[in-house]
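Reader: I would like to go through this model slowly, one question at a time. Please spell out each cut-off as it comes up.

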Amino acid sequence: MEHHHLRLILLLLFLFLPTTCFSFSFQTPSSNEFSNQSSSSLKQQILELANSPSTVKWMKRIRREIHEHPELAYEEFRTSAVIRRELDLLGVEYKWPVAGTGVVAKIGYGSPPFVALRADMDALPIQEMVDWDHKSKVDGKMHACAHDAHVAMLLGAAKILQEMKDMLQTTVVLIFQPAEERGTGAKDMIQEQVLEDVGAILGLHLGAEYPTGVVASRPGEFLAGCGSFEAKIKGKGGLAGVPQHCFDPVLAASTSVISLQNIVSREADPLDSQVLSVAMINAGSAHDIIPDSATFGGTYRAFSKKSFYGLRKRIEEVIKGQAEVHRCSGEVEFCGNEHPTIPPTTNDVRIYQLARQVSSKIVGEDNIELAPLFTGSEDFAFYLEKVPGSFVLVGTRNEKSGSIHPAHSPYFFIDEDVLPIGAALHAAFALSYHSYSTNSYPL
């Protein structure tokens with residue numbers, strides 16, 4: 001029992017007390033690369049486990065297997081089977097199916113609050129254009145957003161945590177989530193109670209915005225909320241040569257589109273970034289006939305919840321108001337299976353600080369960046385509406401390996417040297433959460 005307490009104290013010392021930054025090694029660590037204190041350093045232990053040749057090779061194999069067989073939202077049956085196979089080999093208990101194809105595993109036997117780690121699983125309907133040995137074997141489908149690597153890194157964390165299970169003071173919940181690209185997977189997982197007793201959650205996402213090994217995030221508002229709308233304006237059609245007998249829906253739609261732009265340019269605070277774009281409009285099919293109706297649609301984005309839902313309210317008011325001015329009626333639909341509404345991703349300030357401190361110990365303070373606001377969206381936001389958490393970007397840009405293209409590109413490729421970094425970040429966050437949540441060390 002005394003030995004267990006000593007190791008817990010060492011965990012706090014090495015993860016949270018100021019120390020010289022440790023530069024993460026992407027090569028197999030030799031015995032000379034670690035100090036004589038490595039056997040007692042839990043930080044070093046995490047890094048050694050994550051960066052061991054066998055673990056790195058294992059994570060690469062898993063990532064490549066999943067990459068060769070991409071599956072779209074709610075079709076991740078093979079991917080789920082790979083996850084369950086590896087969890088079985090690790091001796092980790094799990095629940096399946098969750099939300100159709102999801103897997104939820106647990107490590108440790110500590111009491112609540114638990115800590116959750118999340119990885120998404122689904123691929124994209126994109127034809128891969130990268131020519132390499134493990135190219136997608138499924139026409140028209142590709143892991144172009146690094147979800148294959150996310151799964152491999154979380155399994156890597158499971159391996160580390162399972163080997164260090166005696167150090168856990170709480171239970172770690174591993175969430176392998178389907179359908180992030182659909183924007184509905186997180187909501188479905190939440191509905192199946194995956195956040196029960198969870199006190200904090202961490203999500204990692206790889207991207208070429210930063211060099212390999214750089215970790216970036218920000219407290220508070222981070223990613224924009226994203227919504228889509230489709231409006232239908234009904235009027236009274238007729239001959240374009242005698243418009244006085246018509247209620248012109250094209251004119252009503254046109255003025256609506258122009259008026260919508262005034263919401264951002266004249267109603268929104270210039271320092272409160274918002275986007276409202278109309279990207280689709282359809283009306284009649286003849287040049288001399290005014291149609292009975294016109295439809296148009298677009299997207300809206302904002303970083304604060306107040307602005308996001310306020311923007312949605314004004315979109316409906318403007319469209320219906322302009323329709324009425326032109327003696328037409330307007331209907332606006334916001335929710336749909338193809339384009340669901342995703343709220344802003346807002347990091348909890350305190351959990352962000354924990355994630356930042358842990359990351360600085362893993363990759364070094366020089367590799368920590370304050371990320372800017374991004375107008376992209378993530379359904380991880382749904383978890384953050386329920387429990388405190390942090391969403392973190394991990395860089396994978398490496399020109400030598402070809403990891404330079406943005407997500408959702410057919411040329412998207414990742415530097416696999418990032419895999420042990422992500423696994424170590426997940427594991428270190430989980431191992432340190434309980435002490436942080438109970439305020440048992442000075443901030």
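Reader: Which residue in strand 12 does Phe229 stand opposite?
Author: This is a predicted model, in which local features need pLDDT of at least 70 and side-chain atom pairs count only at pLDDT 80 or more, while totals for chains, interfaces and linings use all residues. Residues are numbered from 1 along each chain as its sequence is written, and side-chain values use heavy atoms, with hydrogens and water left out. Strands (E, at least two residues) and helices (H or I, at least four) are DSSP runs numbered from the N terminus. In strand 12, the residue opposite Phe229 is Gly298.

Reader: Which strand is joined to strand 12 by eight bridges?
Author: Two strands pair if DSSP finds at least two bridges between them. Strand 8 (residues 225-234) runs antiparallel to strand 12 and is joined to it by ten bridges. Val275 stands opposite Arg301 in strand 12, and the antiparallel strand with eight bridges to strand 12 is strand 10 (residues 274-282).

Reader: How many of the ten residues of strand 12 are buried?
Author: Buried means under 20% relative accessible area, exposed over 50% and partly exposed in between, with a 1.4 Å probe and protein chains only. Strand 12 spans residues 293-302 and is mostly covered, the number of its buried residues being seven.

Reader: Where is Leu239 found, and is it buried or exposed?
Author: Leu239 is found in strand 9, made of residues 238-239. Because its relative accessibility is 51%, Leu239 counts as exposed.

Reader: What percentage of the residues of the protein count as buried?
Author: The protein has eleven helices and 16 strands. Among contacts with a separation of 6 or more, 80% are between residues 24 or more positions apart. Of the 443 residues of the protein, the share that counts as buried is 55%.

Methods. Contact means heavy atoms within 4.5 Å.
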